Amino acid sequence: MKVQLSGIAPEELSELISLVKGVHGFDFSDYGKASLTRRVSRIMSLKKLSFYDLKHRLVNEDGFFQHFLEEVTVNVTEMFRDPNFYRSVNELVIPYLSTYQHVKIWTAGCSSGEEVYSLAILLREAGIKHKCFIYGTDINTEVLKEARKGIYSFRKIKSYAENYVMASLKGSLTDHFTVMYDAATIHSELKQDTLFSVHNLVSDGVFNEFQLITCRNVFIYFDNALQERILDLFYNSLAPHGFLCLGSKETIRSETFRKKFKVINGKENIYQKIGT
Amino acid sequence: MALDPQILKRWQAADIVLIGGSAGSFKLFFSVVKNINADINKTIILVMHRKKNFFSEIEKLFAEHSRIYLKEIADKDELKKNTIYIAPANYHTLIEKEGYFSLDVSEPVWYSKPSIDVTFESAAEVFNGRCAAILLSGANQDGAEGLLKLRQSGSLTIAQDPQEAEMAEMPRSAIDMDAAEFILKTEDIIHLIRT
């Protein structure tokens, strides 16, 4: 059996990146190349496109870019992914948020909304949901539609149930959903005070001031220089002493920002802004 | 039995060692870790299938028995010599040509995350022929295609003898695909690691 060594060659990838930037205004130049190569190669193989076909459709076919964007970015997420993270937020961040009259939270790279609703559940269980507002943003309009609906397959919800129990929350995850046949809809009360909108971390700026920003498993797709630029955006979007939560395998590597954030939990990568 | 000098030569020339395994590979992984010499002068990357949320004490146990530094991979960790890296659960591990790891949370491959194929294929693209890769016991075909790509890129590729593997399917798939240049007995794998 003969297997193709690689879908897209490095020089083709660079060409594609400049084409997408020029035609559609999305800049992937500082994305990690290993994952991007794999995602683009995957699209080419699923759709049986040559490099030439791919370029042609990106330039000439309406709507193809949106589809490309959905496929090239990773939208795999879970409710209560890394249960220990949610336990730590409960212990270390919620008490701080409780001291505020009004709390604003930003989940950057929210995909289909699972993380936003996990936070909403956590806040409700802590009794402070009524004074919190959660903004979920992503570069992908399609996944945001899913997030706004808050409807997930029952199969998925069942697969998140173990995370929920391990996060030490009472009852079960399905308590927060209305299950109809094979679909589970998040309770409307949990959807209240959430807003989902498009925001591109690479090119868009500060839009509000937050007590908590979560951005989990997004940095893994960015190179170190881009991570640093986005840390600057987050720093400027945080209220004094506000919290930043990265993914469990993502740390602040930039020397500059190591000095601007205090480590609150080094295992789950929960940080607090120092200075104003 | 003495090892084929050809294998030894290629092993010694490799900068990166990749080992993948699934069900039934734990014991052999553990022996590998215990038998790596302090002066191996290579980067060792282990990809073991495991369940998310069960943060086994694997890293701790392995670190206690390893003569060189051992760590679970975090995103953007640099690849260093004389270090054993373990792919974390619930992520795929990729390698960037600049010499660091990138993690990825995309769909499982062969129902597995970490997937051995993903790491092996990434290594094949980045390192050309500079790797030595070993595929151990497992109950699915993850790793076979990745091993083939490593072989095609000029790296040394080895499958554990399926007759000795607790679960034969994984090394068997690699052999059927002609991805393994050599098939080694368990004791020869350990012997190779020690050289």
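Analyst: Let us start with burial: Ala165(B) counts as buried because it has 24 C-beta neighbours inside 10 Å. The cut-offs are 20 or more other C-beta atoms within 10 Å for buried, 12 or fewer for exposed, and partly exposed in between, with C-beta atoms placed from the backbone. Before we go on, note that this is a predicted model, where local features need pLDDT of at least 70, side-chain atom pairs count only at pLDDT 80 or more, and totals for chains, interfaces and linings use all residues. Residues are numbered from 1 along each chain as its sequence is written, while chains are lettered from A and ligands numbered from 1 in the order in which they are written.

User: Where is Ala165(B) found, and which residues is Ala165(B) in contact with, leaving aside its neighbours within four places in sequence?
Analyst: Ala165(B) sits in the loop between β8 (156–160) and α6 (169–176) of chain B. Helices (H or I, at least four residues) and strands (E, at least two) are DSSP runs, numbered from the N terminus. Two residues are in contact if their C-beta atoms, placed from the backbone, lie within 7 Å. Leaving aside neighbours within four places in sequence, the contacts of Ala165(B) are Gly24(B), Leu136(B), Ser137(B), Gln160(B) and Pro171(B).

User: How do I read a sheet?
Analyst: Strands of a sheet pair through backbone hydrogen bonds, either parallel or antiparallel. Here two strands count as paired if DSSP finds at least two bridges between them. In chain B, seven strands form an open sheet with parallel pairing, in the order β3-β4-β2-β1-β7-β8-β9. β3 (69–72) and β9 (182–184) of chain B stand at the edges with a single partner strand each, so one side of each is left without a neighbour in the sheet.

User: How many bridges pair β3(B) with strand β4 of chain B?
Analyst: Four bridges pair β3(B) with β4 (residues 83–86) of chain B, in the parallel sense. For instance, Glu72(B) has Ile86(B) as its bridge partner in β4(B). For an antiparallel case, look at chain A: four bridges join β4 (residues 177–180) to β5 (residues 183–186). There, Phe177(A) has Ile186(A) as its bridge partner in β5(A).

User: And how do I describe two packed helices?
Analyst: Two packed helices are described by the angle between their axes and the distance between the axes. The axes are lines fitted to C-alpha atoms, for helices over the stretch in contact, and angles run from 0 to 180 degrees between N-to-C directions. In chain B, α2 (residues 26–35) and α7 (residues 186–194) pack at an angle of about 25°, with axes 9 Å apart. That makes α2(B) roughly parallel to α7(B); the cut-offs are under 35 degrees for roughly parallel, over 145 for roughly antiparallel, 65 to 115 for roughly perpendicular, and oblique for the rest. In their contact, Leu28(B), Ser31(B), Val32(B) and Asn35(B) of α2(B) meet Thr186(B), Ile190(B), Ile193(B) and Arg194(B) of α7(B).
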